[in-house]
Amino acid sequence: MLPGGQYNPGTAMLDVKDLHVEVGGKKILHDINLQIGEGETHVLMGPNGSGKSTLLMTIMGFSGFTVTQGSIRFKGKDVTGLPVNERAKMGMGIMFQRPPTISGLKLGKLLTAASGETKEEIETYAKAVNMERFLERDINKGFSGGEIKRSEILQLSVQHPDFVMLDEPESGVDLENISLIGTTIGKLLDKDKHIVHRKKSGLIITHTGFILDYIDTNQGHMMCDGMIKCHGAAREMLKEIRERGYKECLECSK
Amino acid sequence: MQQVNVPGSLTAEDRERMAQVGIDLAMTSRCGSYLQLNQEVAHATCSESGIEVMSIADALEHYDWLKDHYWKVVAKDKDEVTKYVAAQKNPRGYVIIGRKGSKNILPVQACLFLGREQIQHVHNIIIAEENAELHIVSGCASGKHVGKGGAHYGISEFYVGKNAKISFTMIHTWGEEIEVYPRSAAAVEENGTFLSNYVCMQPVKKVQMYPTATLSGERSVARFSSVVIASPGSLLDLGSRAILAARGTSAELVTRAITRGGTIISRGEIQGNVDGTRGHLECRGLILKDGLIHAIPEIHGSVVGTELSHEAAVGKIAQEEIEYLMARGLSEEEATATIHRRIRVLTRRGGTNSGRNGPGWWSTRSRPGGCGTRGCWPPCGRSPAICLSPMRSGLPRTRTVPSPSGVARPSPSPTLWP
């Protein structure tokens, strides 16, 4: 897809059509349409509670997020009814905002299981995000905000997803770590490659936009009250929000 | 130690079911053994010096003083079950005595096997004298050929002396038509430790029990850990109670309950009646298939200086963890097995504060009845839904699945464990 151009189904990574989602019997998302092409990175913005995380969780296929209408297609295949792990195997990956703690399971063990790679390879990946000391620790147990994010990034790195969803990758991260996390996400999204060779796609939730200093993005989407209200250039939209807040977006009836 | 004398009436299947509940008929990892089939005592033996294993009939005949431990912590007229057992003319069951300062590294095993439709009744007395340390694995199983009905009534009285310790691990593999009514209680003296582990992963019609530990000696400790899985049609009504009756005593009651369609009632009670006492009660429940987990934790504190807490959680938490692992590409079975194993690991940690009854008990020998997974503790029986091992599921350690984009993607290895 060319910036601002028409959606071309031949190169679509993700195609969400007319999606309606309920959580616990309550309607949360209405009529969501979203297309992300191969090699593209999109940004999802919007006030707290507008349904951004719900959209990510629904795309990944978590239980409790019931699709009442519409479809999610991934790489041309309808995945609306597929379990989480099937979607992961097809190449979807997610970075959790608040992942659960899993006592009794070491991070290194999960990485080996998730990737099938050797211990040495895992260590190389871990070193890249300063996580080598955490391989023998229980997943997320006692991790700081930044460590949780690095652990998530590490898990994604060994997973090699073709499409990555990132839920506020910069929250709780100090200024020093944000550059490490930003650069690593950039690599996950092929941002170090020439645009012609870029195959990986992404969908990022951000409030601050700090992460956009490290990742070039194609498009931004503004979400309010469970609907995508408008599309545009992510940086420009963030600038507007910074200056005027969400008020106009909420009132917008476009 | 010589192989125990096993009655010829036992079929290969019976032996396998015994192995599932931790009974080692070859005696390579046991120091003593008691085997009762229906109401027949097959043998009672122990090679460890200072530890005696005998049938209760023999023990009552030999030791006059034993009557002071007979129906003392469990009351004869407690309920129908105790009354039934008390009314029997020929008492059955075992007595295990750890004499002063004795210690066993390999545990004593006790097997109560039900091979016929009937009521099996036993009365056990377990005594650890001053400074003794006694480890016991009690395996209860029934033969496959048991048809309709059958019940097991088991009275167990535990006496933990000064500075002594008893660790008692009870594993059940009963049939779908069998009802089980253990009635147990423990009295723990100064600095004593009573560890009780309970494992039940196979279908059973009903288990009902509510063992009580009374900590009457200062600084004594009780810890109850249970791991149970309720299959459709099973009713597991389980509880444990600790009475903190002396200064410095503490108790921890931990239950991990999983339902695959059956009903689990997880009760628990801690009474803190004295200053300087602590207790914690915990139940984690996981609902795999619609069933029922009903946690009823109770804490009673009657003085300022007691600290009691309880924590119960059912369902969601584990589901979140399972899906987290699935988002990394693990299948639901692998993720579930992982969370199960974690549940078991936590329980084992809970039951081993000395490290003595550590993994060696289980993992150094192969488990004929187990699923074959090295990480699987305790021997899980054969249900692949519960424990999916790479060997049994026939999956290679890594396999490649072509991804829709045509690039081969290594799929997750089902083996998470070293």
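In chain A of this predicted model, helix α3(A) passes helix α5(A) in a right-handed crossing; a crossing is right-handed if the near helix is turned clockwise from the far one by less than a right angle, and left-handed if anticlockwise. Helices (H or I, at least four residues) and strands (E, at least two) are DSSP runs, numbered from the N terminus. Two packed helices are described by the angle between their axes and the distance between the axes. For α3 (residues 107–115) and α5 (residues 145–159) of chain A, the angle is about 25° and the axes are 8 Å apart. Axes are lines fitted to C-alpha atoms, for helices over the stretch in contact, and angles run from 0 to 180 degrees between N-to-C directions. The two helices α3(A) and α5(A) are therefore roughly parallel to each other, where angles under 35 degrees count as roughly parallel, over 145 as roughly antiparallel, 65 to 115 as roughly perpendicular and the rest as oblique. On the α3(A) side the contact is made by Leu107(A), Leu111(A), Ala114(A) and Ser115(A), and on the α5(A) side by Ser151(A), Leu154(A), Gln155(A), Val158(A) and Gln159(A). Two residues are in contact if their C-beta atoms, placed from the backbone, lie within 7 Å. By class, the contact of α3(A) with α5(A) has five nonpolar, four polar and no charged residues; Ala, Val, Leu, Ile, Met, Phe, Trp, Tyr, Cys and Pro count as nonpolar, Asp, Glu, Lys and Arg as charged, and the others, Gly among them, as polar.

Residues are numbered from 1 along each chain as its sequence is written, with chains lettered from A and ligands numbered from 1 in the order in which they are written. As the model is predicted, local features need pLDDT of at least 70 and side-chain atom pairs count only at pLDDT 80 or more, while totals for chains, interfaces and linings use all residues.

Helix α5(A) also holds Ile148(A). This residue, Ile148(A), counts as buried because it has 21 C-beta neighbours inside 10 Å; a residue is buried if 20 or more other C-beta atoms lie within 10 Å of its own, exposed if 12 or fewer, and partly exposed in between, with C-beta atoms placed from the backbone. Leaving aside residues up to four places away in sequence, Ile148(A) touches Pro99(A), Asn140(A) and Phe143(A). Between Ile148(A) and Met95(A) there are 53 residues of sequence separation and 9.9 Å in space, C-alpha to C-alpha.

Chain A contains an open sheet of six strands in the order β6-β9-β10-β3-β11-β12, with mixed pairing. Two strands pair if DSSP finds at least two bridges between them. The edge strands, each pairing on one side only, are β6 (92–95) and β12 (227–232) of chain A. From one strand to the next, the twist averages 20°. Helix α1(A) packs on the sheet and touches β3, β6, β9 (163–167), β10 (201–205) and β11 of chain A, and its direction makes about 150° with that of β9(A). Within the sheet, β3 (residues 41–45) and β11 (residues 219–224) of chain A pair in the parallel sense over four bridges, and His42(A) has Gln219(A) as its bridge partner in β11(A).

Nine of the nine residues of α1 (residues 52–60) of chain A are buried, so this helix is largely enclosed by the rest of the structure. Among these buried residues are Lys52(A), Leu55(A), Leu56(A), Ile59(A) and Met60(A). Gly61(A) follows α1(A), and its phi is positive, near 100°. Overall, chain A comes to eight helices and 12 strands, and 48% of its 254 residues count as buried. Of the contacts in chain A with a separation of 6 or more, 71% are accounted for by residues 24 or more positions apart.

The secondary structure of chain B comes to seven helices and 23 strands. Of the 418 residues of chain B, 56% count as buried, and residues 24 or more positions apart account for 79% of its contacts with a separation of 6 or more. In strand β14(B), 10 of the 10 residues are buried, so the strand is largely enclosed by the rest of the structure. Val221(B), Arg223(B), Ser225(B), Val227(B) and Ile229(B) point one way from β14(B), while Ala222(B), Phe224(B), Ser226(B), Val228(B) and Ala230(B) point the other way. Strand β14(B) pairs in the parallel sense with β11 (residues 193–200) of chain B over eight bridges and with β17 (residues 250–259) of chain B over 10 bridges. Ser226(B) in β14(B) is the bridge partner of Tyr198(B), and Ala230(B) stands opposite Thr259(B) in β17(B). Ile229(B), which lies in β14 (residues 221–230) of chain B, counts as buried because it has 27 C-beta neighbours inside 10 Å.
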